[in-house]
Amino acid sequence: MEDSEILCNNCKRDIPAANADLHLTHCLKFMKLCELCNDPYPIKEFDQHILDDHKELQCEKCKQTYQQGEEDIHQNVCLLAPVKCDYCDTECPRKEIMVHIERCGSRTDTCELCNERVMLKDMLTHICQTRYQL
């Protein structure tokens, strides 16, 4: 017959129910659950884990703080992060890029297929339609 297992609330591991009291006494004395990542760490290594894995960083652009490892997430939402224009490759802060794209896309250029002047924002559709008509 197999011993049943229970989940230790401190280290989040399945342990044999028969050893639960002994395990919990030892676990509470030597292990600590990180509330930020929900992983257990030896108490002796816990402070270093916080420094290494959950260091607070500050965005150079907007000065908002975020945790180490979340740089990519922050860069995708930072209103001051540079974003390239689809039409001219100019970089603008994210909060200004839509206005820039609207203006930039309203410029015209000559279609390579029919030599008509077409707004940049309509060029792809225009080229597709022109090719279909040819």
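Predicted model: local features only at pLDDT ≥ 70, side-chain atom pairs only at ≥ 80, totals over all residues.

Colleague: Okay, zooming out. How many helices and strands are there in the protein?
Modeller: The protein has 5 helices and 10 strands.

Colleague: And what radius of gyration does the protein have, next to a compact globule of 134 residues?
Modeller: The protein has 28 Å, whereas a compact globule of 134 residues would be near 14 Å. Its C-alpha trace spans about 85 × 45 × 15 Å along the principal axes.

Colleague: How much of the protein counts as buried?
Modeller: Of its 134 residues, 22% count as buried. The accessible surface comes to about 10,400 Å², and 49% of that belongs to carbon and sulfur atoms.

Colleague: What about contacts between residues 24 or more positions apart?
Modeller: Those account for 5% of the protein's contacts with a separation of 6 or more.

Colleague: Let's do helices. What span should helix α4 have at 1.5 Å a residue?
Modeller: Helix α4 covers residues 94-105, so its 12 residues should span 16 Å. Its end C-alpha atoms are 17 Å apart, which agrees.

Colleague: Which residues of α4 are buried?
Modeller: The buried ones in α4 are I97, I101, C104 and G105. Looking down the axis of α4, its buried residues fall within an arc of 85°, so they line one face of the helix. On the other side of α4, K95 and R103 are exposed.

Colleague: What covers the buried residues of α4?
Modeller: The cover includes β7 (82-84), β8 (91-93) and β10.

Colleague: Take a residue from β7, then. What does V83 touch, not counting residues up to four places away in sequence?
Modeller: V83 is in strand β7, and it touches T90, E91, C92, R94 and I97. V83 and I97 are 14 residues apart in sequence, with their C-alpha atoms 6.8 Å apart in space.

Colleague: Now helix α5. Which of its residues are buried?
Modeller: Helix α5 runs over residues 123-133, and its buried residues are M123, H126 and T130. They cover an arc of only 60° around the axis, which puts them on the same side of α5. On the other side of α5, L124, R131 and Y132 are exposed.

Colleague: And what covers the buried residues of α5?
Modeller: Strands β9 (108-110) and β10 (117-119) are included in that cover.

Colleague: Two more. Is Q67 buried or exposed?
Modeller: Q67 is buried, because its relative accessible area is 18% and the cut-off for buried is under 20%. Q67 sits in strand β6 (residues 65-67). Leaving aside neighbours within four places in sequence, Q67 is in contact with L36, H54, K55 and E56.

Colleague: Last one, L57. Where is its place?
Modeller: L57 is in strand β5 (residues 56-58). It counts as partly exposed because its relative accessibility is 22%. With neighbours within four places in sequence left out, L57 is in contact with Q64, T65, Y66, Q68 and E71.

Colleague: How far apart are L57 and E5?
Modeller: L57 and E5 are 52 residues apart in sequence, and 41 Å apart in space from C-alpha to C-alpha.

How values were computed. Residues numbered from 1 in each chain as written. Heavy atoms only, no water. Helix = DSSP H or I, 4+ residues; strand = E, 2+ residues; numbered from the N terminus. Buried < 20%, exposed > 50% of the residue type's maximum accessible area, 1.4 Å probe, protein only. Contact = heavy atoms within 4.5 Å. Arc of directions from axis to C-beta. Rg over C-alpha atoms; globule rule 2.2 N^0.38 Å. Areas by Shrake-Rupley, 256 points an atom, 1.4 Å probe, with all protein chains shown as cover. Expected span 1.5 Å × (residues − 1).
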